[in-house]
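Subject: Model handover

Hello,

Here is the structure I promised to pass on. Please look through it first, then read my notes below.

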Amino acid sequence: MRDTPLSNCERRFLLKAIEEKKRLDGRQTYDYRNIKISFGTDYGCCIVELGRTRVLGQVSCELVPPKDSRPTEGIMFFNLELSPMASPAFEPNRQSELLVMLNRQLERCLRNSKCIDTESLCVVSGEKVWQIRVDVHVLNHDGNLMDAASIAAISALSHFRRPDVAIQGRDITVFSPEERDPIPLSIYHMPICVSFAFFLQGSYLLVDPCEREERVKDGLLVIAMNKHREICSIQSSGGIMLLKDQVLRCSKIASVKVSEITELINKALENDRKIRKEGGKFGFAESMPKERITTLKRDEAPVEMTDVKETANEIVNRTETPTEAVSSPVLVAMGTAQVGEGIVNSWGLDEDEEDEPQTEDTKTGSVDCEHTIYLKSTKPCKQK
Amino acid sequence: MIQNCLKQRFEHTSQLLRFCHFQLGFKSFSFSVLPMTVCPQLLQTDTIEKPAVCVIYPYCSRSKSLHDRAVINCQYSMATFSTAERKRRPHGDRKSSEMSLHLKQTFEAAVLTELYPRSQIDIYVKILQADGGNYSACVNAATLALVDAGIPMRDYVCACTAGFVEDTPLADLCHAEESGGGTSLALALLPRSGNIALLQMDARLHQDHLDALIEAAMTACKGLSKVLDGVVRQHLEEVSVLTRD
């Protein structure tokens with residue numbers, strides 16, 4: 001199903017608000033929405049909520065033969081899926097540009113930065129290695145899928161435990177979780193993507209755009225960093241023109257945001273670990289508060305509302321009264337009437353062409369004219 | 001071994017661009033005779049060869065046409081013999097789709113699309129031999145193709161890669177340097193205004209080195225734009241001499 005197009009007045013409103021440094025939900029320019037990370041009962045499953053954007057990350061592993069060019073390294077496979085569940089604009093089984101971009105960015109952010117020690121995933125060199133597969137599913141799309149997906153992926157990878165293996169000669173024994181405790185993956189660092197949306201030819205930027213803001217953006221800059229201030233990947237998209245100092249400024253903002261988010265992830269992991277050790281209940285069902293009716297409840301948006309009445313009154317008093325609308329058609333001749341004035345002819349005809357003798361056939365009876373639109377009557381008329 | 005090679009390279013020059021040889025196309029129909037313009041370009045740098053072809057159609061499929069601008073389509077593909085191992089899927093995989101997307105975005109920013117409403121400009125790039133810097137060579141080849149086609153652009157779009165090895169920025173990386181695990185940054189620049197049309201960086205780099213790296217890439221692009229300009233002028237002279245006789 002095609003997405004409803006954004007109306008012009010909504011677009012203008014959003015851009016005007018951005019010019020005045022205001023956002024729809026009352027955030028500041030560099031503020032993130034509330035991030036909530038919850039883990040499931042299995043190791044390696046996590047849901048990230050960034051405002052109303054929800055993303056599920058799941059990690060699984062399998063023993064496979066390694067690639068020929070790298071016999072001692074494990075394999076990492078990333079997959080991001082957009083289903084119509086996330087937004088009616090996503091069609092099932094269609095390779096859209098957004099999907100390609102998100103997948104490639106996730107791969108570059110996590111694989112090229114070598115955040116996981118792939119050598120430790122080797123079981124028998126040249127024969128069996130662990131293949132770690134990260135699946136990210138978007139459950140709800142409310143803007144900024146990239147950041148949510150990267151947080152989900154890295155949280156799921158940090159939470160995941162792979163089965164223990166024992167090698168005796170040529171025999172490999174894989175222990176189930178009941179026999180031996182599964183082992184966590186060795187993660188060097190946590191790369192997290194931060195998205196910057198640019199508006200109005202690059203003069204304004206916003207961090208963490210929501211879905212409406214994303215629709216009016218000119219372009220996007222995604223910077224993936226870790227908390228040690230190392231940049232893991234930069235990608236600019238959307239055909240905007242950037243200046244070097246804009247990029248440098250964005251990287252400084254990103255480093256601040258990334259350290260906050262990394263702390264959040266670590267805290268969530270720590271909480272989960274504590275609950276599991278104490279034997280308490282864990283999982284998605286526990287992370288949802290039970291006693292509240294959640295469907296009709298909306299969080300309050302932190303928008304300044306004290307002077308709304310005065311500003312509204314001012315605006316109403318300042319505007320002029322709307323012009324009278326012409327309602328009745330004007331009868332020009334028998335068979336033709338005119339309603340309103342047409343727009344200027346944009347076909348670029350010169351003035352001279354119009355003065356030439358018009359030798360069109362009388363049957364059609366229409367003449368190109370600059371300012372008026374003629375309505376033809378239903379029965380064919382002989383004269384113009 | 002790679003470390004030694006790299007050390008040698010930046011002992012001599014750390015900012016030198018590899019020798020580039022641009023060869024402009026041999027066929028280009030004039031605009032008024034045919035409804036479409038085709039101009040193949042062969043871009044040959046020291047080790048990479050890429051032909052780029054640019055086609056402009058005065059009409060476009062209904063679903064994709066824009067009422068006020070031209071639509072730019074790019075298709076990027078690699079010949080199966082271009083890399084060391086035979087490529088089994090030359091186009092349609094994720095990397096090629098991403099490359100095509102990036103090329104499209106770069107040129108949408110640079111070409112004056114408002115002058116061709118409801119039209120379509122196709123850019124096809126095929127890599128014959130890959131030795132690092134695929135994206136940059138594609139952008140340069142496509143720029144020359146567009147110039148040869150006579151499509152108005154804001155400025156030459158020049159692209160170059162830059163890397164960071166042992167605290168020294170290197171410009172224009174080759175395949176060994178790129179896959180050696182160091183940082184690589186690809187930058188597409190409009191030299192006169194200094195606007196960055198596309199910025200893409202992989203692998204880890206400390207934030208403090210970013211400035212130096214971007215600066216190195218920008219200097220290399222500016223040098224490249226002079227080379228491109230010289231080639232275009234030379235080609236124009238030759239063509240005007242031939243057509244005069």
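**Glu215(B) and the ground rules**

Glu215(B) sits in helix α5 of chain B, residues 210-244. Helices here are DSSP runs of H or I with at least four residues, strands are E runs of at least two, and both are numbered from the N terminus. Glu215(B) is partly exposed because its relative accessible area is 37%. The cut-offs are these: buried is under 20% relative accessible area, exposed is over 50%, and partly exposed lies in between (1.4 Å probe, protein chains only). Areas come from the Shrake-Rupley method with a 1.4 Å probe, and for residues only the protein chains shown count as cover. Pro169(B) is 46 residues from Glu215(B) along the chain, and their C-alpha atoms are 9.0 Å apart.

This is a predicted model, so local features need pLDDT of at least 70 and side-chain atom pairs count only at pLDDT 80 or more, while totals for chains, interfaces and linings use all residues. Residues are numbered from 1 along each chain as its sequence is written, chains are lettered from A and ligands numbered from 1 in the order in which they are written, and side-chain values use heavy atoms, with hydrogens and water left out.

**Salt bridges**

How many salt bridges are there over all chains? The search of the whole structure finds 26. The criterion is a side-chain nitrogen of Lys or Arg within 4 Å of a carboxyl oxygen of Asp or Glu. Side chains of opposite charge can pair when their charged atoms come close.

Start with Asp208(A) and Arg27(A). They form a salt bridge, with the closest N and O atoms 3.2 Å apart. The pair joins distant parts of the chain, 181 residues apart. Asp208(A) is in the loop between β12 (204-207) and α4 (211-215) of chain A. Arg27(A) is in the loop between α1 (8-19) and β1 (35-39) of chain A. Both residues are buried.

Next is Arg133(A) with Asp135(A). Their closest N and O atoms are 2.9 Å apart, in a salt bridge. Arg133(A) is partly exposed, at 31% relative accessible area. Asp135(A) is buried, at 13%.

Glu270(A) also forms a salt bridge, with Arg273(A), at 3.7 Å between the closest N and O atoms. Both lie in helix α5 (residues 244-278) of chain A, three residues apart, or about one turn of the helix. Glu270(A) is partly exposed at 39%. Arg273(A) is partly exposed at 44%.

Salt bridges link Arg104(A), Glu107(A), Arg108(A), Arg111(A), Glu98(B) and Asp202(B).

**Backbone**

Most residues other than glycine have a negative phi, and most peptide bonds are trans. Asp208(A) comes up again here: its phi is positive, about 55°, although it is not a glycine. Asp208(A) counts as buried because its relative accessibility is 0%.

Asn144(A) also has a positive phi, about 60°, and is not a glycine. Asn144(A) is in the loop between β6 (128-140) and α3 (145-159) of chain A. At 1% relative accessibility, Asn144(A) is buried.

**Charged patches**

Patches are built from residues with over 30% relative accessible area and no salt bridge, joining like charges within 9 Å and nonpolar side chains (Val, Leu, Ile, Met, Phe, Trp, Tyr) within 5 Å. Lys and Arg count as positive, Asp and Glu as negative; His and the chain ends are not counted.

Which residues form the positive surface patch? They are Lys67(A), Arg70(A), Lys114(A) and Lys95(B). Lys114(A) is in the loop between α2 (97-112) and β5 (122-124) of chain A. Lys114(A) is exposed, at 53% relative accessibility.

A negative surface patch gathers Glu304(A), Asp307(A), Glu310(A) and Glu314(A). Asp307(A) is in the loop between α6 (284-287) and α7 (308-318) of chain A. At 41% relative accessibility, Asp307(A) is partly exposed.

**Domain records**

UniProt, in an unreviewed entry, lists "domain: Exoribonuclease phosphorolytic" for residues 32-163 and 189-255 of chain A. Residues 32-163 of chain A are 23% helix and 37% strand, with end C-alpha atoms 36 Å apart. Residues 189-255 of chain A are 25% helix and 40% strand, with end C-alpha atoms 14 Å apart.

Best wishes

Definitions and conventions. The place of a charge is taken as NZ of Lys, CZ of Arg, CG of Asp or CD of Glu. UniProt positions are given in the numbering used here, feature names are shortened, and annotations may be inferred rather than shown by experiment.
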